[in-house]
Amino acid sequence: MKYTQAAGEKSTVKLTIDFSEQEWQDALTKSYAKVRGKYAVPGFRKGKVPRPVLENYYGKGVLYEEAFNILYTQHYPEILQKERDNFTAVGEPSLEVEDMREGNGIVLSAVVPVKPDVQLDAYTGLKIKKYEYNVTDADVEKEVGSVLERAATDVDVTDRACKNGDTVNIDFSGSVDGAVFPGGTADGYDLVLGSGSFIPGFEDGVVGMNLNETRDIDVTFPADYQAENLKGKKAVFKVKLNKITGKQLPELTDELIKKQTGSETVEDYKKKTRERLERNAENKGRDDTENSIINELCKHAKAEIPEAMIENEIDRMVQDFSYRLMYQGLKLEDYLKYMRISMEEFRGQFRPQATPRVMGQLVIDKVIKSENIKVEEGELDKKIEEQAKSVDKSAEEYKKTMDPRQVEYISNDIVITKMFDFLKANNELYTEEDKPAAKKTASKSASSKAAADKAEKPAAKKTVKKTEKTDGGKAE
């Protein structure tokens, strides 16, 4: 077997693989042994047809496809291994027969999508926004309030109108142009006001109602509502309030805090809560800053990203979404049926995020390679020792429980950390306070980032909740 390689279009490599006549005949022999059981010829038992008879009855091409696969599976991985320093395959190749010469073997071509080389015109000396988050007393008090909420008892409310946070029991009937639509009616429905379970405007319309009051609430269904016949339509919901259930908060005491959280006193809980919130704030600041760095570097990068890399990233995003659904007891197939969208449409929702994510990873790889960032001697052992201490084990004991994937993960983490340390040290990081004049623009960027993060993870939790009730008036 001989082969040559040549650069192709849009981050591909074309392999031209020349197999000798002997290699081709060996592949045909193996193909015959593998496929003969699939074909029947009159006068012969299935699987017992001699090769010449099989080829004469079905034609010589009957063995070709499997023979091609045999040659491919035998030699393609070997070629990739030999060429690992020249290119990295990122998807399955497109195979073709270039030449079949009677008595002279066969020539196959494989167009392979490969990891592109990134042109990065700058990754140092840039001005990049840094994110910092502070923990306030109000943040701590909010956590304390959550403890009280969890310990609160339900009480019937009769002396006031309902408000956000109350659970109301309602009857409702929705209509469009005076006609009641399917799924828009329910009796005795329990709704937590402020939960966002219904379409915009509905819960706000219920707020302020009193017991036994009936009210017409005008709403407009979102343009992207799941029911085609309701998208963008104006509707009226006739709502009757049957019951209001509120929350009665307990007194904040050391005894309550110990029972609910395990902390000895209120002050002890507040101290631990502040420490936890500060750790979270530090981690969020670090993560957002590192994302900001990569986003800025991507502005200075160019690469022809093969479609295979984008599809692979979409695969990972769909799988992650599927796992999140599983934790809520729902299968992806059922979710798609409920949302009335195809898998192709669902995958398309992730495409706008997939491309920049792939580019970000390519940029990371480029910086690591350019700066020759690697795990130095002793760094891996030190990291393993730190992890071992966190679970009260010696490094030797901990290593015995590790598999190669854990070691690879730790090694990658060390390299990525060193890369970001390098980028932080060699670029100018600024905060909002450093650039007051840029505050308005930066704030807009932060809002755009939040919107992008929200789009990246479809709101499965809220949608799953809908499946438990009638869906006529609920938000997607």
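Select helix H11 (residues 351-370) and helix H14 (residues 404-425) in this predicted model. Their axes come within 10 Å and cross at roughly 80 degrees. That makes H11 roughly perpendicular to H14 (angles of 65 to 115 degrees count as roughly perpendicular, under 35 as roughly parallel, over 145 as roughly antiparallel, the rest as oblique). Axes are lines fitted to C-alpha atoms, for helices over the stretch in contact, and angles run from 0 to 180 degrees between N-to-C directions. Helices (H or I, at least four residues) and strands (E, at least two) are DSSP runs, numbered from the N terminus.

Show the side chains. From H11, the contact uses Ile364, Val367 and Ile368; from H14, Val415, Ile416, Met419 and Leu423. Contact means heavy atoms within 4.5 Å. By class, this contact has seven nonpolar, no polar and no charged residues. Ala, Val, Leu, Ile, Met, Phe, Trp, Tyr, Cys and Pro count as nonpolar, Asp, Glu, Lys and Arg as charged, and the others, Gly among them, as polar.

Residues are numbered from 1 along each chain as its sequence is written. Local features need pLDDT of at least 70 and side-chain atom pairs count only at pLDDT 80 or more, while totals for chains, interfaces and linings use all residues; side-chain values use heavy atoms, with hydrogens and water left out.

Arg286, Glu290, Ile293, Ile294 and Leu297 of H7 meet Phe420, Leu423 and Lys424 of H14. The contact of H7 with H14 divides into five nonpolar, no polar and three charged residues.

Now center on Leu297. Leaving aside neighbours within four places in sequence, Leu297 is in contact with Leu120, Ala122, Tyr123, Leu126, Ile128, Val363, Val367 and Leu423.

Buried means under 20% relative accessible area, exposed over 50%, partly exposed in between (1.4 Å probe, protein chains only).

Go to H9 (residues 332-339). Leu332, Tyr335, Leu336 and Met339 are buried. They lie on the same side of H9, because they cover an arc of only 95 degrees around the axis (the arc of the directions from the helix axis to the C-beta atoms). On the other side, Glu333 and Lys337 are exposed. Just after H9, Arg340 takes a positive phi of about 60 degrees.

Next, the loops. Asn372 lies between H11 and helix H12 (379-390). Its phi is near 50 degrees, a positive value in a residue other than glycine. Asn372 counts as exposed, at 52% relative accessibility.

Lys10 sits in the loop between strand E1 (2-7) and strand E2 (12-19). Phi of Lys10 is near 45 degrees, also positive in a residue other than glycine. At 47% relative accessibility, Lys10 is partly exposed.

Finish at Thr431, in the loop between strand E13 (428-430) and helix H15 (439-456). Thr431 is buried, with a relative accessible area of 9%. Beyond its neighbours within four places in sequence, Thr431 is in contact with Lys130 and Glu132.
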